[in-house]
Amino acid sequence: MKPMNHPIQACLFDLDGVLVDTAKYHFLAWKRLADELGFVFTEEDNERLKGVSRMASLDILLAVGNLQLDEETKFTLADKKNNWYVDYISKMDDSEILPGSLSFLQELKQHGIKIALGSASKNAMTILNNANLVPYFDAIIDGTHTSNAKPDPEVFILGAKEVQIAPEHCVVFEDAEAGIEAALRAGMRSIGIGPVGSLTQAEYVVSSLEEMSVEKLQQMMANS
Ligand code: B16
Ligand code: MG
């Protein structure tokens, strides 16, 4: 069932693929692991890891390589990948903020609309700090605060609670199917970030936040 129309009072943003371009670093690190394990891991395979937790991503990667490993080895490999990933993101700066993100965040702030982060990443704080994005957020919920990964709605429900806005007044910006499903399950509105025809469960899909303004947001939410 579609949520009823309510004016938007909070925007909840996914991080990787919505505000910053960190997917390329996840890919580099996962590919390096696959190379070491002796199989090919392509950018197409990597698409399936978007928005998926670290351990679930490893399971998908190992399935690509047709490998079955015990839990202890899997934790060691996930750690190895994460160390490489952290090394890449420790060098990133605000040049990796995706187009349109900053101006939209600034406009939301000017209009008194609350801003929350809802990311699966346990490295979100490093990324936000390096990209100088922390001051924009009224709430930051990431993989260190949640026990259930998207499509579970936990990350967005916690974000809405922290900014004290009811779910029907919240909209989620997401680049992953699992994230859009999480928004729907949280009873929130949703805008997908991706190519036309993708993210079919989202109420709207835009190619990037460059297409967004507060006026357009309120119009979209009133019309759907
Ligand atoms: P980490 P998001 C997600 O971030 C990424 O899209 C996904 O590829 C990654 O596996 C997940 O975070 C966990 O990240 O290994 O850093 O804890 O899109 O939810 O902001
Ligand atoms: Mg994402």
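**View 1. Polar contacts of ligand 1 in the predicted model.** A polar backbone atom of Lys122 lies 2.7 Å from an oxygen atom of ligand 1. The protein covers 98% of the 470 Å² of accessible area that ligand 1 has on its own (Shrake-Rupley method, 1.4 Å probe). Ser121 places a polar side-chain atom 2.7 Å from an oxygen atom of the ligand, and for Ser57 the distance from a side-chain N or O atom to a ligand oxygen is 3.4 Å. A polar contact here is a pair of N or O atoms within 3.5 Å. This is a predicted model, in which local features need pLDDT of at least 70 and side-chain atom pairs pLDDT 80 or more, while totals for chains, interfaces and linings use all residues. Residues are numbered from 1 along each chain as its sequence is written, chains are lettered from A and ligands numbered from 1 in the order written, and side-chain values use heavy atoms, without hydrogens and water.

**View 2. The shell around ligand 1.** The ligand is surrounded by 18 residues (a heavy atom within 4 Å). The closest are Asp16, Val52, Ser121, Lys122 and Asn123. By class, the shell has five nonpolar, seven polar and six charged residues, with Gly counted as polar and Asp, Glu, Lys and Arg as charged.

**View 3. Salt bridge between Glu36 and Lys80.** The closest N and O atoms of this pair are 2.7 Å apart. Glu36 belongs to helix α1 (residues 23-37) and Lys80 to helix α4 (residues 71-89), so the pair links parts of the chain 44 residues apart (helices are DSSP runs of H or I, at least four residues; strands are runs of E, at least two). The structure holds 14 salt bridges (a Lys or Arg side-chain nitrogen within 4 Å of an Asp or Glu carboxyl oxygen).

**View 4. Backbone at Pro151 and Asn66.** The Lys150 to Pro151 peptide bond is cis, with omega near 15°. Pro151 is in the loop between β3 (139-141) and α7 (154-163). Asn66, not a glycine, has a positive phi of about 55° and is in the loop between α3 (54-64) and α4.

Notes:
Polar contact = N/O pair within 3.5 Å; in protein donor to acceptor, adjacent residues only side chain to side chain.
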